[in-house]
Every structure is written in C-alpha cells, then in structure tokens.
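Hi,

Here is the structure I promised to pass on. Have a look at it first, and then read my notes below.

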Amino acid sequence: MPSGILYAASAYVLWGLFPIYFAHLAAVPAAEVLVHRIVWSLLFVLALLGARRQWGWLVPALRSPKVLGAFVLSALLLSCNWLTYIWAIANGHVIDASLGYFITPLVNVLLGYSVLHERPRRLQWAALTLAMAGVAWLTALTGQLPWIALVLAASFGAYGLMRKIAPLGALEGLTLETLLLTPPALVAIALWWPTAGFPAPDAATNLLLVGVGPLTAVPLLLFAAGARRIPMTTLGLLQYIGPSIQFALGVWLFGEPFGGTRLAGFALIWAALVLYSADGWFTARRGAALAAPS
C-alpha cells in the first residue's frame, strides 16, 4: 500500500473512532471539553514545532492582517465544528454527526460554485439534487432540519475552503488557530474554575481531557502527509471511511434508532455520494487519457 494512502486512511479511521473517545467525556459539559481541546492542542503543536525548530513562519503571520483575518475566521469555524460535534456525541447523535460528514463533500461543491465560481459538472448537480432531496425527506420525517448534520457540514466545508486559500500548512495553521482561540478559552476556564470538571476526581477523565490535544493534532498531520502524496480522487474516496465508521458505531455500538423511513433519507444522500465519486473517477480517467502520450 502506498504510504500516502496509509497516512490518509489512518487519519480517517481515527476521525471515525472519535465518538468512542468523546462518549467517555459525556459527563463533562461540551463547552468545557471544547476549551480543553483548544488549550491542549496548542500545547501539543507547540511541542511539535519546538522539536522541529519550525518557528520562522510565526512572526510574519502575526504581523500580517490578511493572514490573521483569514485565520480568525477559520478558527471560529473550527471551534463551531468542534463544539457541535462534541455536543452531538455527548447527547446521543452519532448518526446525525456521521450524516454531516457524508454531506460535507457536496457542500464543498456548493461552496466552490458560490464562492470560487467553479462550474459543477452534470453528475455533481445531480448529486447535489439527490442530497437536497435526502435532507428534505429527513426534515419532513422529524419536523425539523437535521441541524447537527448541516452545521457540521457547513462549518467543516467552509473551514476547508478557508484552509484551501490560506498560506500556512497543516501544523502551522492549526497552531495559529489554537493560538487565537486560547485567550478566550483561558478566560472561560478561569470563570468556570469553581464549578469546572477539571481537575476531575478521577484520573481517567483528567487524562482524557489532556489527551484531546494529541487526539486532535495527529489525524490532521496524517491527513496532510497523505494529501501531499496521493491524487485528490483517491483522497475523495477515502474520506467516506470516517463517517462510515461513525455511522456503524452509532447503530451497533451506541444503539441509536435507525428505522426504515430514516434509512430512505440516508439512501438518497448515499446515492448522491455514489454519483459524486463516479464523477470524480470519470474526470480523473479522462484527464489521464488526455495527458497520455499519443
């Protein structure tokens, strides 16, 4: 197996297993878990940068209003995504969270069209139509929009767009994002300290809260290493590993309800992903054929 596929697949497997980890922190309020995730992530990536002596980018980034502005926005999107995900897992919505990451590739197409003025191809339009039909079905079924999935997809899709145009790499970008989020996180910790869950009475909870730092950074670094080594088409197919694992955990480990009527909505979205993946595969094959020597 090529190293790029191994790195990227490992990242998606870890992301897929996140519900098991965060379910053990369900007794800690989601906002508290979020601030710990920010602070411990920063300490972990600073340690990595220190080990690699990789500091040359930091001062120019902090002196650039354009870079800071872009990363303030990406940091807010990331924190919104993290908070929603943590809350969803703690409150028994693992399947809804998986739906958000199934939808994210299609949100990327929509953002490319509306923000970058990219022109979706026919199969991509068909995939978007099927996905919207699936969301409409789930909305009609429950009487409300599947807001967890939509917030996760919109925030992560917009975050991906910001990082696509940002000038920093994965490690440097995560460092700057957590650096910008840490001051308000520390203020929150100080305000909550009299009633906060940290330090917790049991060592396991304390270790889990500290562990969210490396838990956050390691998959991102694996993903970045994989993305540099394999084609985008391959990366696009691998991205379904994470939500597929989350979905399986929601159904079979956490026992969340998943009846036939709800399955119909998911089936429409999965059909949309099949079309989206087929479009990427056909486009890549066509490009390779045109590039081949005659």
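Helix α6 gives the largest share of the lining of the second largest pocket, with 4 residues. Keep in mind that this is a predicted model. The pocket itself has a volume of about 240 Å³. There are 15 residues lining this pocket, and D96, T142, Q144, P146 and R262 are the closest to its centre. Which elements give two or more residues to the lining? They are α5 (94–114), α6 (122–142), α7 (147–165) and α12 (260–291).

To find the contact on screen, pick N81, Y85, A88 and I89 on α4, then V94, A97 and Y101 on α5. Of these contact residues, 6 are nonpolar, 1 is polar and none is charged.

Last, the rings. The count comes to 16 aromatic pairs. One of them is F102 with W270, an edge-to-face pair with 6.1 Å from centre to centre and 80 degrees between the planes. Why is this pair worth a click? F102 belongs to helix α5 and W270 to helix α12, so the pair ties together parts that are 168 residues apart in sequence.

Cheers

How values were computed
Residues numbered from 1 in each chain as written. Predicted model: local features only at pLDDT ≥ 70, side-chain atom pairs only at ≥ 80, totals over all residues. Heavy atoms only, no water. 1 Å grid on protein atoms, 1.4 Å probe; cavity = no way out; pocket = protein on both sides within 12 Å on 5 of 7 lines; lining within 4 Å. Points joined across faces, edges and corners; volume = space filled by probe spheres on them. Contact = heavy atoms within 4.5 Å. Nonpolar A, V, L, I, M, F, W, Y, C, P; charged D, E, K, R; others polar. Phe/Tyr/Trp six-rings, centres within 6.5 Å; stacked < 30°, edge-to-face > 60°.
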